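Hello,

Here is the structure I promised to pass on to you. Have a look at it first, and then read on for my notes.

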Amino acid sequence: MRISGITPSGHTHLGNHLGAIQRWATDGGPDDLYFVSDLHAMTTTHNPGKLRGRTSEMLAILVAAGIPAERVFVQSDLSRELGALTWILECTCSYGEAARMIQFKEKGSGQPGVRLSLLTYPVLMAADILLQGAAEVPVGEDQNQHVELARALARRFNGTYGEVFTVPRPVLPPTGARVRDLSDPARKMSKSARDAAGVVFVLDEPDLIRRKVRRAITDGFTGVEYAPEERPGVANLLEILAGCRGERPADVAAEFSSYGALKEAVAEAVVETLRPIRERTLELLADPAELARIRKEGASRAAERGEHRLTSAMRLIGAGM
């Protein structure tokens, strides 16, 4: 069983969909789990109301994309279980292990008033994984170190107090579309981008998507060729189109002789790829009772899956009755 999380640090964009959500919906195993990691979005300054809204929106998008509702939950709905297990794991983790995390060094270096949660959230991430008994965690290189910490804590607890936790292993997810910012293909499309002109959001209106794609940066060359290093803007458009179609970018390039035709094809492919997801998401957001039901049932199932591990861990470490 695998577990994957997505943080509502901003609105869900095309890169999130083509790079992960689309794959989760089509290729995920029957036991795989997916959650909205809203607690991870609290490690830096945030707006509580916006975070709550983005969490609901992201949950709706995951379900609208085709991920079975029984495999989806919101992290904070397990705050009691995760809070208890995080404390147990913090009592198993050393300060040095937490302080060595690269993301803490990068995000906290030289910043005034760094929140303690930025140091400890990898332990919360370990609790996310270990509570559900995940055997595999698909992660990129930037999160691999955190999974290694989860492995170390699982082994240490099991060896010191008794066998409770599955020792997870990191796995590289299948290569998805590498979606770049349409205004600056040197950077990835980002939920937290200050300038949204180059970011296509899942809930963008079709006409807005078309305008953003038509304004995408290309280059001064002639002809359409897939050359990511030399022509990143054109390569980005080809990768987006290929991601929507399930094809290879180099094969798609052969269809076009002009940038205008390429942009029109990309715009329509993106609009049609996102259309059913956008429509279903808006339906769910317009029916708070249904979304609340999905969320409550997801939380109940997730809590039930982890209950025996948490109870055993607390008993073995000396807490509880």
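**The sheet**

Strands β1 and β2 run parallel and pair over 4 bridges; for strands, pairing takes at least two DSSP bridges between them. Before going further, please note that this is a predicted model, where local features need pLDDT of at least 70, side-chain atom pairs count only at pLDDT 80 or more, and totals for chains, interfaces and linings use all residues. Residues are numbered from 1 along each chain as its sequence is written, and side-chain values use heavy atoms, with hydrogens and water left out. Helices (H or I, at least four residues) and strands (E, at least two) are DSSP runs, numbered from the N terminus.

One of the bridges joins Ile6 to Val36 in β2. The sheet is open and has 3 strands in the order β1-β2-β3, with parallel pairing. β1 (3-6) and β3 are the edge strands, each with a single partner, so one side of each has no neighbour in the sheet. On average, neighbouring strands are turned by 25° against each other, direction ignored. Helix α12 (residues 288-317) packs on this sheet and touches β2 and β3, its direction making about 90° with that of β3. The axes here are lines fitted to C-alpha atoms, for helices over the stretch in contact, and angles run from 0 to 180 degrees between N-to-C directions.

Val74 sits in strand β3 and counts as buried, at 1% relative accessibility. Buried means under 20% relative accessible area, exposed over 50%, and partly exposed in between (1.4 Å probe, protein chains only). Leaving out residues up to four places away in sequence, Val74 touches Val36, Asp38, Thr55, Leu59 and Arg295; contact means heavy atoms within 4.5 Å.

**Aromatic pairs**

There are 4 aromatic pairs in the structure. Rings of Phe, Tyr and Trp (its six-membered ring) pair if their centres lie within 6.5 Å; planes under 30 degrees apart count as stacked, over 60 as edge-to-face and the rest as tilted. Phe35 and Phe73 are stacked, because their ring centres are 5.4 Å apart and their planes are at 15°. Phe35 belongs to strand β2 (residues 33-36) and Phe73 to strand β3 (residues 72-74), so this pair ties together parts 38 residues apart in sequence. Both Phe35 and Phe73 are buried.

Phe157 and Tyr161 make a tilted pair, with ring centres 5.0 Å apart and planes at 45°. Phe157 is buried at 0% relative accessibility, while Tyr161 is partly exposed at 34%. Together with Phe165, these two form one aromatic cluster.

**The cores**

Which residues touch the most other members of the largest nonpolar core? They are Ile240, Leu262 and Val270, in a core of 52 residues. Helix α11 (residues 259-285) gives the most to this core, with 10 residues. A nonpolar core is a set of buried Ala, Val, Leu, Ile, Met, Phe, Trp, Tyr and Cys residues joined through side-chain atoms within 4.5 Å. Beyond its neighbours within four places in sequence, Val270 is in contact with Leu14, Val200, Ile209, Ile240 and Cys244. A second, separate core has 34 residues, among them Ile3, Leu89, Leu130 and Val147.

Best wishes
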